[in-house]
Amino acid sequence: MTRQSLLAGAAVLGLAVLAGCGTQTPDGAAGEGGTKAAGAAQAAWPERAYFGDTHVHSGWSTDAGMAGATLTPEDAFRFARGEAVKSSTGQTAKLRRPLDWIVLTDHSDGMGVFPEIVAANPAMVSDPIVKGWSDALRSGDPARVHAAVLEIIDRQSNGTLPAVVMDPKWMVSAWQKTVEITDKYNEPGRFTAMIGFEWTPNVEGGNNLHRNVIYRDGADKAGQTLPLTTFQTVDPEGLWTWLAGYEAKTGGRVLATPHNGNLSNGRMFEETRFDGSPMTRAYAEARQKWEPVFELTQIKGQSESHPSLSPNDEFASWDLWDRGNLNGVPKKPGMLRTEYWREALKAGLKLEAQLGANPFKYGAQAATDTHTGLATGDEDNFWGKLVSHQPGPGRMSAPSIARVEGWEEAAAGYTGVWATANTREAIFDAMQRRETFATTGPRMSVRFFGGYDFASSDLGDLVKAGYTKGVPMGADLKPAPAGKAPTFLVAAMKDPDGANLDRVQIVKGWVDAAGRTHERIFDVKWSGARKPDAGGKLPPVGNTVDLTTATFSNSIGAAELVGLWTDPSFDAGQRAVYYVRVLEIPTPRWTAHDQVKFKVKAPKGAALIHQERAFTSPIWYSPA
């Protein structure tokens with residue numbers, strides 16, 4: 001079945017475990033970042049997860065528009081809140097369930113330029129390169145259009161864009177319209193529309209150092225300054241300076257979220273500053289302040305872990321885009337280690353010991369990075385990265401960016417935030433304190449608390465115990481009392497419209513006295529009567545997928561998994577980091593759905609079955 005009719009009593013029980021017993025109090029106005037205050041309420045502590053997408057491009061992004069996207073920011077917001085819209089290919093697109101919030105992140109580079117290229121503005125097409133793009137776009141030839149998009153990315157990566165494209169005058173009107181439209185669709189308590197943009201440095205020929213900038217504010221503050229572009233700086237420290245300047249000028253709040261370390265050719269988590277000089281404590285503190293969360297997965301693959309870096313992790317090989325950078329420049333040996341979040345979390349512990357601050361203290365989030373205006377993370381309702389990858393019989397073989405094939409795109413992902421209300425302020429604040437988790441698309445809910453005084457009796461009111469006796473995901477444990485090891489409360493609830501759960505794991509990283517980093521993965525709770533073998537390995541959950549119909553059965557797995565776990569190898573003198581990974585039972589990938597829907601055969605090597613998953617932000621431990 002593709003639609004799962006579920007749980008009645010179990011769902012109610014699970015939601016109670018995840019929500020706890022907090023009391024609702026009026027929120028008053030939505031605050032400076034809101035435009036419609038009615039209906040918003042604030043909880044004593046976060047009672048539910050709000051699901052959204054931090055990375056949505058409309059046709060107003062130059063590369064998206066050049067690739068044929070016609071949907072506007074208004075269309076993107078309408079779609080995300082559950083309305084049916086016409087896609088750029090004329091198909092009706094609609095989410096089965098609305099999202100709670102999204103961030104519109106059209107590229108700052110070239111903002112406002114695309115409409116002028118389409119209109120063949122004389123000031124634009126006087127440049128022969130831009131005229132070539134305009135002609136390609138108006139030709140209707142998909143191959144010419146795709147080539148033009150790749151040329152734009154290449155030129156932006158190598159600093160050879162025509163000067164007319166980099167003129168900030170095109171941005172002024174586009175940005176004002178963007179912030180006004182976002183305010184129009186912001187409805188605190190019902191649907192949160194957040195202002196943002198993508199700052200897109202592709203250094204040294206395509207090494208991806210992209211960041212999305214997210215505002216806590218409304219148009220009144222966000223409209224006071226224009227977004228930063230890579231025409232001004234490609235150094236992340238330059239971005240942080242800009243963020244500080246924005247806050248000083250407006251009194252507002254902003255943060256940045258990096259993504260696609262997997263396409264950075266080793267630069268995302270390199271252990272130096274951008275210019276190659278040594279990191280300093282000030283650098284580490286600035287990076288930690290301005291970049292609280294990292295985008296673990298999206299359409300362009302995952303940056304959570306890699307099988308060559310975690311050879312003992314049987315679930316590390318998934319959605320890999322690991323052959324080169326954004327422009328397809330091949331990787332060299334050693335680059336992978338400084339591209340993935342898990343490795344960065346471990347390296348951050350080591351750097352903290354050296355610098356006095358952790359530059360890689362990143363929580364977990366996920367997004368789509370759609371360039372169609374359609375924020376879809378569902379396998380059976382996937383609308384692709386670009387218009388050329390919208391539903392159709394040939395999209396699995398259509399070329400994507402980064403020199404990969406269409407089938408390699410991932411139908412991912414969404415961010416769950418444990419916020420006290422569905423408002424800009426509460427969602428932003430949850431990101432700032434890292435009380436977030438990433439999913440590959442399913443809306444499973446995950447709780448994670450750490451402390452020293454939890455007992456099995458706390459599982460009955462896990463949330464209250466978690467907040468009153470410990471710390472939530474994204475936080476720091478205090479130094480361990482003498483003779484005590486940290487204990488963690490974990491609860492995972494399946495997506496009510498999705499697959500059952502296979503297992504809940506805790507991933508631990510630590511650094512030893514010699515400065516060497518280590519990791520170990522612990523199975524904490526699992527479905528069924530399975531038992532680990534003599535080596536501690538848990539048998540697979542099974543597989544009910546029928547590829548002839550692209551369906552599965554919830555006859556295996558569990559609707560919820562709740563447990564208590566104490567670190568058996570804890571050393572109070574060692575820095576450590578812990579996060580939760582939740583795995584669903586095997587389900588059909590979007591490629592399997594396409595095979596059935598369009599009666600085509602997937603390309604050789606295309607993955608057809610996978611296990612969707614979620615990752616919490618970590619809990620960190622530092623000795624006294």
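Helices (H or I, at least four residues) and strands (E, at least two) are DSSP runs, numbered from the N terminus. Contact means heavy atoms within 4.5 Å. This is a predicted model, where local features need pLDDT of at least 70, side-chain atom pairs count only at pLDDT 80 or more, and totals for chains, interfaces and linings use all residues. Residues are numbered from 1 along each chain as its sequence is written, and side-chain values use heavy atoms, with hydrogens and water left out.

**Helix 16 and its cover**

- Buried means under 20% relative accessible area, exposed means over 50%, and partly exposed lies in between (1.4 Å probe, protein chains only).
- Helix 16 covers residues 590–598, and its buried residues include Trp-590, Thr-591 and Ala-592.
- His-593, Asp-594 and Gln-595 of helix 16 are buried too.
- Strand 25 (587–588) is part of what covers the buried residues of helix 16.
- Lys-599 follows helix 16, and its phi is positive, near 55°.

- Six of the eight residues of helix 3 are buried, so the helix is largely enclosed by the rest of the structure.
- These buried residues are Pro-73, Asp-75, Ala-76, Phe-77, Phe-79 and Ala-80.
- They pack against several elements, among them strand 3 (48–56), strand 6 (101–104), helix 8 and strand 7 (192–199).
- Gly-82 follows helix 3 and has a positive phi, near 110°.

- Axes are lines fitted to C-alpha atoms, for helices over the stretch in contact, and angles run from 0 to 180 degrees between N-to-C directions.
- Angles under 35 degrees count as roughly parallel, over 145 as roughly antiparallel, 65 to 115 as roughly perpendicular and the rest as oblique.
- Helix 3 (residues 73–80) packs on helix 8 (residues 169–185) at an angle of about 25°, with the axes 10 Å apart.
- That makes the two helices roughly parallel.
- Helix 3 passes helix 8 in a right-handed crossing; a crossing is right-handed if the near helix is turned clockwise from the far one by less than a right angle, and left-handed if anticlockwise.
- From helix 3, Pro-73, Glu-74, Phe-77 and Arg-78 meet Ile-181, Thr-182, Lys-184 and Tyr-185 of helix 8.
- By class, this contact of helix 3 with helix 8 has four nonpolar, one polar and three charged residues.
- Ala, Val, Leu, Ile, Met, Phe, Trp, Tyr, Cys and Pro count as nonpolar, Asp, Glu, Lys and Arg as charged, and the others, Gly among them, as polar.

**Helix 11 against helix 12**

- Helix 11 (residues 236–250) and helix 12 (residues 281–290) pack at about 60°, with their axes 10 Å apart.
- The two helices are therefore oblique to each other.
- Helix 11 passes helix 12 in a left-handed crossing.
- Glu-237, Trp-240, Leu-243, Ala-244 and Glu-247 of helix 11 meet Tyr-283, Ala-286, Arg-287 and Trp-290 of helix 12.
- The contact of helix 11 with helix 12 has six nonpolar, no polar and three charged residues.

**Aromatic rings**

- Rings of Phe, Tyr and Trp (its six-membered ring) pair if their centres lie within 6.5 Å; planes under 30 degrees apart count as stacked, over 60 as edge-to-face and the rest as tilted.
- By this rule there are 25 aromatic pairs.
- In one of them, the rings of Trp-565 and Tyr-578 have centres 6.4 Å apart and planes at 65°, so the pair is edge-to-face.
- Trp-565 lies in strand 23 (residues 560–566) and Tyr-578 in strand 24 (residues 576–584), so the pair ties together parts 13 residues apart in sequence.
- Trp-565 is buried at 9% relative accessible area, and Tyr-578 is buried at 0%.
- Ring pairs also link Trp-175, Phe-197, Tyr-215, Trp-242 and Tyr-246 into a cluster.

**Loop residues**

- Leu-459 sits in the loop between strand 17 (445–451) and helix 15 (462–469), and is partly exposed at 24% relative accessibility.
- Leu-459 touches Leu-489, Val-562, Gly-563 and Leu-564, not counting residues up to four places away in sequence.
- The peptide bond from Ala-412 to Gly-413 is cis, with omega near -10°.
- Asn-260 has a positive phi of about 55° although it is not a glycine, and is buried at 1% relative accessible area.
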